[in-house]
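Please examine the sequence and the three-dimensional structure shown below. The paragraphs that follow lead from a single residue to the arrangement of whole chains.

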Amino acid sequence: MTRTERPSETRRTFFAWMIGLAASVVGLGLAIPLAGYVIGPALKRRDTSWAAVGPTGSLRTGEPEELEYASTVKDGWRTVTAKKGIWAIKQPAGEVVVLSPICPHLGCGFRWAAGDHTFKCPCHGSVFDVTGKVLAGPAPRSLDVLPSKVEQGNLLVLYKEFKSGLDHPVEL
Amino acid sequence: MAGKLYEWLDARLNLKSLGHTLLDEAIPGGASWIYVFGSATLFIFCLQATTGMFLALYYVPSPDSAYDTVQYIQHEVPFGWFVRGLHHWGASAVMVAVGLHLLQVYLYGAYKRPRELLWMVGVCLLLLMMAFGFTGYLLPWDQNAYWATQVGTNMVASVPVAGDVLVRVLRGGATLGALTLSRFFAVHTLFLPALMGCGILVHLFILRRVGPAGPWSAEQAKQRSETFYPRQVYMDALVMLGVFLLIVVLAWTVEFPLADRADPADHTFTPVPEWYFLFFYEFLKYVSGPLEPLATWVLPGLFILGLLLWPLIDRNPERRPSSRPMALASGGAFLLVVFALMGVSLWNLHATPKTDPSVARGKALFAQQHCAACHRIHGDGGMVGPDLSYVADQRPDRQWHLRHFREPQSVSPGSIMPAFTLPEKDLTDLTSYMVSLKSGAGTPEGGEPR
């Protein structure tokens with residue numbers, strides 16, 4: 001006659017604890033590195049670099065001009081040349097202000113309307129003056145200013161992106 | 001809290017009876033450490049499935065990107081090297097576990113009536129596991145992956161009559177390329193896991209219908225029995241933990257480097273298959289000519305068929321090893337042959353002179369720094385600078401090369417070569433590569449000196 005054995009209650013508790021312990025070690029041993037693996041690249045800051053966008057001599061005071069910012073950036077495993085159009089405005093005193101080409105409302109690209117002397121966003125109708133200040137529409141803040149400097153007559157820009165929809169610029 | 005939740009769920013889903021079905025199955029003769037290999041195999045397979053899914057987050061199966069994405073996983077993603085290491089060592093571990101599981105079942109005669117189907121499905125799972133190994137090996141798209149798969153797929157071409165069509169279907173075209181990589185990826189990550197999942201379910205379903213075999217002596221099996229939970233589960237869990245820790249230690253301590261990017265033009269590369277295919281690799285060296293299809297297909301085919309139908313061939317109802325001399329002798333002979341071939345193969349591989357790793361790194365740097373834009377080596381590269389195919393014949397001095405890289409004009413006045421201010425280690429590697437470029441080296445039969 002077959003006799004099916006059952007271990008005593010204390011033995012059962014011991015086995016249950018050991019099984020739980022083994023499962024926890026394996027679970028944690030996987031969960032921690034895998035979480036880092038998934039989250040790591042997502043939280044990595046994008047590195048940008050200064051890039052020359054052109055000579056300042058050809059800019060006209062008070063007239064925004066769209067210049068091309070090209071830099072080599074890492075896109076995951078790829079190294080690509082990213083191109084962005086940025087707005088450069090020569091100030092009466094001679095220095096140059098550079099504006100991000102992205103509308104601070106929801107991230108559309110805005111245009112320069114030379115006739116009205118304003119920047120207009122075609123998506124939701126925000127309007128900005130030549131300094132970037134909001135004149136009309138839903139945009140919550142002025143156009144974002146990009147860091148820039150002039151070296152040997154060349155305009156250098158550090159491209160950045162900012163969170164949209166906030167009333168103050170927060171870098172991405 | 002947990003108890004209350006369990007009660008709530010149990011009232012709706014009737015969990016207690018499910019728990020009873022899953023955990024209280026009787027094991028004839030009681031729990032034993034010898035029964036752990038099946039669960040260990042299942043555990044490592046699940047580990048492979050998990051790490052594989054995570055690798056797929058960053059991997060791209062195209063010849064343009066595959067190698068770069070694996071490099072990215074290995075060097076830039078936090079713990080990427082670890083996840084890849086787990087997957088690599090897990091692949092080896094699952095083969096060992098499957099082998100031990102098969103051995104235990106064979107030794108205990110557990111495939112005999114009424115468990116013939118359990119064995120047959122198990123053999124199918126073994127074949128699927130080997131298909132996983134074969135398809136996964138190509139995915140990093142490095143030299144080893146490319147050339148090993150080249151050899152592996154060419155073997156299919158030697159199948160009589162249908163070989164040509166089969167190899168094209170396998171590769172997705174006449175040659176190994178983008179379509180091969182994408183279909184190997186799809187098979188490795190979608191088709192095989194689906195088949196494997198179903199196969200494992202069928203395997204477990206049959207196990208539960210026929211019950212575990214227990215000890216080989218019927219008297220011992222009748223004397224006592226024990227439920228699956230808790231002691232057998234406890235043993236399985238401890239073994240799983242041990243296996244996991246072993247794989248972690250291997251992944252942590254033994255780096256699994258990538259070879260150079262796959263280069264279809266580089267015929268000097270000698271691929272080596274994974275260790276679990278080595279015995280077959282060695283076996284193929286001993287057969288050639290008209291006998292080759294016999295060795296590549298007929299014998300392995302017959303062997304697999306024999307393995308699959310083994311419960312129908314071995315009709316001896318006795319499970320005790322001492323009463324099955326023929327079965328054990330043939331099993332032992334097979335193991336002897338496999339391990340002997342594997343041993344010879346490992347011996348040969350060990351005896352083959354390896355390329356100095358510094359030379360290999362230097363060669364990679366030569367490509368990275370686009371040196372070939374100006375310099376030609378064995379017919380590849382520009383003609384702006386001197387041909388470097390046999391540069392060490394004229395310039396055997398390491399110091400000369402080091403100085404030359406840092407400041408070309410200091411040792412070669414009037415040179416238009418720009419200075420390469422690379423880290424010291426890179427310059428050393430590049431120099432090793434330069435010094436290795438001499439007549440009588442690098443090319444198999446000693447290149448012709450000019």
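Does A:Trp77 count as buried or exposed? The model is a predicted one, and the answer can be worked out from its atoms. A residue is called buried if 20 or more other C-beta atoms lie within 10 Å of its own. A:Trp77 has 20 C-beta neighbours inside 10 Å, and it therefore counts as buried. In the chain, A:Trp77 is placed in the loop between β3 (65-75) and β4 (78-90) of chain A. If residues up to four places away in sequence are left out, A:Trp77 touches B:Ser65, B:Asp68, B:Thr69 and B:Tyr72. These partners carry the letter of the other chain, B.

The contact between the two chains may now be considered as a whole. Chain A contributes 26 residues to this contact, and chain B contributes 30 residues. On the side of chain A that touches chain B, the elements giving two or more residues are β1 (3-5) and α1 (9-43) of chain A. The largest share of that side comes from α1(A), with 18 residues. Sorted by class, the side of chain A that touches chain B holds 16 nonpolar, six polar and four charged residues.

The division of each chain into domains comes next. For chain A, the domain assignment gives domain 1 (7-44) and domain 2 (50-158). The C-alpha centres of these two domains of chain A are 51 Å apart. For chain B, the assignment gives domain 1 (25-351) and domain 2 (357-436). Here the C-alpha centres of the two domains lie 44 Å apart.

Chain B has 450 residues, of which 30% are buried. Its secondary structure consists of 20 helices and four strands. Along the principal axes, the C-alpha atoms of chain B fill a box of roughly 95 × 65 × 35 Å. Among the contacts in chain B between residues at least 6 apart in sequence, 75% join residues at least 24 apart.

Two pairs of helices in chain B show how helices can pack. In one pair, helix α5 (residues 80-107) of chain B packs with helix α6 (residues 116-138) of chain B at an angle of about 160°, and their axes are 11 Å apart. Because of this angle, α5(B) is roughly antiparallel to α6(B). Their crossing is left-handed. From α5(B), the contact is made by B:Ala91, B:Val94, B:Met95, B:Val98, B:Leu102 and B:Val105, while α6(B) supplies B:Trp119, B:Leu126, B:Met129, B:Gly133 and B:Gly136. By class, this contact has nine nonpolar, two polar and no charged residues.

In the other pair, helix α3 (residues 37-55) of chain B packs with helix α11 (residues 228-253) of chain B at an angle of about 45°, with the axes 9 Å apart. The two helices α3(B) and α11(B) are therefore oblique to each other. The crossing of α3(B) past α11(B) is right-handed. The residues in contact are B:Ser39, B:Ala40, B:Phe43 and B:Ile44 of α3(B), together with B:Asp236, B:Val239, B:Met240 and B:Val243 of α11(B). By class, the contact of α3(B) with α11(B) has six nonpolar residues, one polar residue and one charged residue.

How values were computed: Residues are numbered from 1 along each chain as its sequence is written. Chains are lettered from A and ligands numbered from 1 in the order in which they are written. This is a predicted model: local features need pLDDT of at least 70, side-chain atom pairs count only at pLDDT 80 or more; totals for chains, interfaces and linings use all residues. Axes are lines fitted to C-alpha atoms, for helices over the stretch in contact, and angles run from 0 to 180 degrees between N-to-C directions. Angles under 35 degrees count as roughly parallel, over 145 as roughly antiparallel, 65 to 115 as roughly perpendicular and the rest as oblique. A crossing is left-handed if the near helix is turned anticlockwise from the far one by less than a right angle, and right-handed if clockwise. Two residues are in contact if their C-beta atoms, placed from the backbone, lie within 7 Å. Ala, Val, Leu, Ile, Met, Phe, Trp, Tyr, Cys and Pro count as nonpolar, Asp, Glu, Lys and Arg as charged, and the others, Gly among them, as polar. Domain bounds come from an automatic or database domain assignment. A residue is buried if 20 or more other C-beta atoms lie within 10 Å of its own, exposed if 12 or fewer, and partly exposed in between; C-beta atoms are placed from the backbone.
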